[in-house]
Amino acid sequence: MLDAPGPAHLSRLDAAAASPNNEVINSSMPNRPKASCSKIGIVGLGLMGQGIATCLLAHGHVVTGYDSDPKKAAATIMHIAAALSEMKRRKLISAESLRTWKSRLHFASCLGDFKSCELVIECVREDLALKRSIFTELEAIVPARTVLASNTSSLPISLLQRGLRRPGRIIGMHWGEPAQIMRYLEIIPGKLTTRTTVSKALRFGLSCGKEPAVLKQDIRGFLSNRLMYAMIREACHLVESGIADIETVDRSFRNDIGWWALLAGPFRWMDLTGIPAYATVMEGLLPELSTSTSVPDLMQRAVRKGSLGIANAKGFYPYTKASAAQWERDWTEFTHAMRTLAEKYTPTR
Ligand SMILES: NC(=O)c1ccc[n+]([C@@H]2O[C@H](COP(=O)([O-])OP(=O)(O)OC[C@H]3O[C@@H](n4cnc5c(N)ncnc54)[C@H](O)[C@@H]3O)[C@@H](O)[C@H]2O)c1
């Protein structure tokens, strides 16, 4: 098990340094450490790759992107331009970063163009074989000091390390969506990841305005996805059991857990509201919670019907194209508002 840096380490680093350009981008954000990586490669320019590229460019890094679909370069430029102009409107990006982002963004025609990157972040779809083949190919291209990170949502990093010549430089960096706004970043060392790699990833995350959570062990789904999927399983169970409809479950969740979750995690929440009651309730409740190990029918049916959600205006709720687009705009607006609120209430005590 790695002796990963904890919150004290994080705040020491946080207090110590400045962004890659020595700029403070947001006055509410503490100074960030100088990144140990500044020339960054991104493999896969889909939803996450585009958001991560936006975040890196906003923080002064030089980015090279590659996608097997050549059409993604144009889409990436459009996405970044729109996202950065939104950040400009909210004074979340320095004039210098805004002026220079285009000259700091490059597109590669193959992975061979990642030779001089100090960090490569893999963002292709959640497919172990595909991710492993990318790391195998990258290993033969990049120098020994290059950190290779995966944005996998769930795959154990130790599985990605298997069979590689230098597994110590492989690490999980799990970003939130939208990556340029969220403070969320989970850093997951695999069994063979070195301390140097963890430390580089941590400093890099801080330099991008994140508040990283470093895991002590490599575990499928990491932290936030384990919590979220336990919640989704129970939500589906409640609907499938006829206890409430989808809208009612959502309403209850938003008005209760959704209300406090930005201020407090589950443990702070128990502190705030009294631990013994939770222990008592849990004793009676645990045997009744879903323990199903298969994907709920409700979700399987939606997948079979081709429902992607907002992306194709087909989800658990009915949408028109216009209402789906409005939800996307609301989501962006809301995450900005939440970031402001989260910064106001960052626990320092
Ligand atoms: N969507 C989210 O909210 C989210 C959040 C955190 C992490 N993730 C994880 O991030 C990763 C990417 O997710 P996404 O939502 O951006 O997926 P996506 O499908 O939007 O994008 C994947 C991109 O990878 C490209 N690609 C496929 N094969 C490739 C190859 N061999 N070389 C280069 N590019 C290739 C595709 O053309 C596509 O543009 C997944 O592992 C996912 O689990 C997703």
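Helices (H or I, at least four residues) and strands (E, at least two) here are DSSP runs, numbered from the N terminus. Residues are numbered from 1 along each chain as its sequence is written. This is a predicted model, where local features need pLDDT of at least 70, side-chain atom pairs count only at pLDDT 80 or more, and totals for chains, interfaces and linings use all residues.

**Exercise 1. Find which elements supply at least two residues of the shell around the ligand, and which gives the most.**

Step 1: look at helix H2 (47–58) and strand S6 (170–175); each supplies at least two shell residues. A residue is near a molecule or strand if its C-beta atom, placed from the backbone, lies within 6 Å of it.

Step 2: pick the top contributor, which is H2, with three residues.

Step 3: sort the shell, and you get nine nonpolar, eight polar and six charged residues. For that sorting, Ala, Val, Leu, Ile, Met, Phe, Trp, Tyr, Cys and Pro count as nonpolar, Asp, Glu, Lys and Arg as charged, and the others, Gly among them, as polar.

Step 4: of the 23 residues around the ligand, those that come nearest are Gly44, Gly46, Met48, Ser153 and Glu177.

**Exercise 2. Work out how H2 packs on helix H3 (residues 72–89).**

Step 1: take the angle, about 50 degrees, and the distance between the axes, 9 Å. Axes are lines fitted to C-alpha atoms, for helices over the stretch in contact, and angles run from 0 to 180 degrees between N-to-C directions.

Step 2: H2 and H3 are therefore oblique to each other, given that angles under 35 degrees count as roughly parallel, over 145 as roughly antiparallel, 65 to 115 as roughly perpendicular and the rest as oblique.

Step 3: list the contact (C-beta atoms, placed from the backbone, within 7 Å). H2 brings Gln50, Ala53, Thr54, Leu57 and Ala58, while H3 brings Thr76, His79, Ile80, Ala83, Leu84 and Met87. By class, that's seven nonpolar, four polar and no charged.

**Exercise 3. Locate the cis peptide bond and the residue with a positive phi that is not a glycine.**

Step 1: Glu177 and Pro178 are joined by the cis bond, with omega about 0 degrees. Pro178 lies in the loop between S6 and strand S7 (185–189).

Step 2: Phe222 has the positive phi, about 60 degrees, and is found in the loop between strand S8 (213–214) and H8.

Methods: Contact = placed C-beta atoms within 7 Å.
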